[in-house]
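Please open the model in your viewer, with the sequence panel alongside, and follow the selections below in the order given.

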Amino acid sequence: MSRALANEFSWSKSRHEKMSECQRAYFFHYYGSWGGWESEAPRKVRELYVLKKLHNRHTWAGGMVHSAIRRELLSLRRGRTPEPEQAIERVRNTMREDYAFSRRRAYWQERSRKDFSGLVEHEYGEPVSDEEWRANFETVREALFGFFSSRWVELARSLQREQWLEVDELDFDRSVFLLDEVKVFAVPDFAYLEQDGSPVVVDWKTGRAREGYDDQVLGYALYLSSRYRLPLSRMRAVLVYLNQGQEHTVAIDEGAVAGFRERFGKSVAAMRALLEDPASNVPLAEECFGQTTDASSCARCVFRRPCGKQVALPST
Ligand code: SF4
């Protein structure tokens with residue numbers, strides 16, 4: 001007999017962003033869709049579950065870059081020589097298959113590969129030109145080219161086995177730590193030890209800088225510190241903007257960590273205020289989760305149909 005999964009309360013940066021953008025979307029994503037993988041799930045639960053797994057073309061592109069770099073890093077760790085052309089061609093073929101799968105909206109009947117389900121643009125018949133789809137692939141190609149021509153390839157090749165800490169291996173259950181007794185998920189893209197033993201955490205970015213990235217890597221730093229018993233005072237965090245060929249170092253000092261912990265505490269309190277029973281993570285009724293008034297959020301939202309916002313949107 002299979003063990004029933006419990007919907008445990010946990011915190012992540014993406015969960016915080018979801019709640020900040022729209023409480024109703026947050027409810028659908030973390031509560032309303034729970035159990036939608038079961039064949040006998042109620043119709044709405046199933047719908048929310050399938051919808052929450054959809055990407056948009058930008059997050060799809062970012063995911064493709066991350067998984068291609070993960071493969072390359074693992075291959076470099078095994079001592080192999082990088083083959084940029086083959087790597088990019090492989091990504092192009094996967095994206096073609098993903099696109100065809102999504103266009104048929106096959107995700108309603110079957111699973112695609114592990115980290116792709118379908119695209120919101122196809123679900124809602126959004127008018128995206130061929131030019132825009134091509135530009136999306138160009139973003140991926142440029143980001144990967146940026147990685148292969150960066151210092152990170154040589155650096156990864158030079159690392160001894162004991163210097164490797166993490167390569168976003170999709171082992172999600174392992175990438176967790178407790179902060180103020182709350183389970184926090186943090187999956188760093190890449191982390192290693194320098195020659196002198198100082199830890200470095202790296203996060204790849206395909207877009208431009210935006211607010212919230214510093215908190216994301218601060219969370220990774222706390223995770224590494226907790227998991228490997230590493231001192232935060234010696235840690236460095238680097239955001240790598242692959243398409244711009246730029247890097248930004250995030251300070252991991254006492255002030256930054258204290259600021260992160262304060263924002264984290266407020267975020268957890270706001271999430272708990274939406275629970276009927278915080279001990280068992282039972283939410284208040286759907287109506288208690290406010291709908292955003294920002295029409296641009298609704299225009300991008302995967303839940304716009306069950307939320308009743310699809311018809312009210314202006315056509316763009
Ligand atoms: S359609 Fe708008 S109001 Fe509804 S869940 Fe999405 S973002 Fe929130």
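Select Lys205 and Tyr241 to begin, since the tour starts from a pair of bridge partners: in this predicted model, Lys205 is partnered by Tyr241 of β6. Extending the selection to the whole of β5 and to β6, residues 236-241, shows two strands that pair in the parallel sense over six bridges.

Keep β5, residues 199-205, on display and colour it by burial; seven of its seven residues are buried, and the strand is mostly covered. In a regular strand the side chains alternate between the two faces of the sheet. Which residues lie on each side of β5? On one side are Pro199, Val201, Asp203 and Lys205, and on the other are Val200, Val202 and Trp204, all of them buried, with both faces of the strand covered.

Now step back to the chain and colour it by its domain assignment, which gives domain 1 as 13-152 + 290-300 and domain 2 as 161-252. Taken over C-alpha atoms, the centres of domain 1 and domain 2 are separated by 22 Å. The contact between them takes 16 residues from domain 1 and 14 residues from domain 2.

To examine the side of domain 1 that touches domain 2, select α1 (13-21), α4 (57-77) and α7 (130-148), each of which supplies at least two residues of that side. The largest share, nine residues, comes from α4. If you colour this side of domain 1 by residue class, its residues divide into seven nonpolar, four polar and five charged.

The last stop is the ligand, which is surrounded by 13 residues; select the closest of them, Cys22, Gln291, Cys298, Cys301 and Cys307. Then display α2 (23-32) and α11 (295-300), the elements that give two or more residues to the shell around the ligand. Which element gives the most to this shell? That element is α2, with three residues.

Definitions and conventions
Residues are numbered from 1 along each chain as its sequence is written. This is a predicted model: local features need pLDDT of at least 70, side-chain atom pairs count only at pLDDT 80 or more; totals for chains, interfaces and linings use all residues. A residue is near a molecule or strand if its C-beta atom, placed from the backbone, lies within 6 Å of it. Helices (H or I, at least four residues) and strands (E, at least two) are DSSP runs, numbered from the N terminus. Domain bounds come from an automatic or database domain assignment. Two residues are in contact if their C-beta atoms, placed from the backbone, lie within 7 Å. Ala, Val, Leu, Ile, Met, Phe, Trp, Tyr, Cys and Pro count as nonpolar, Asp, Glu, Lys and Arg as charged, and the others, Gly among them, as polar. A residue is buried if 20 or more other C-beta atoms lie within 10 Å of its own, exposed if 12 or fewer, and partly exposed in between; C-beta atoms are placed from the backbone. Two strands pair if DSSP finds at least two bridges between them.
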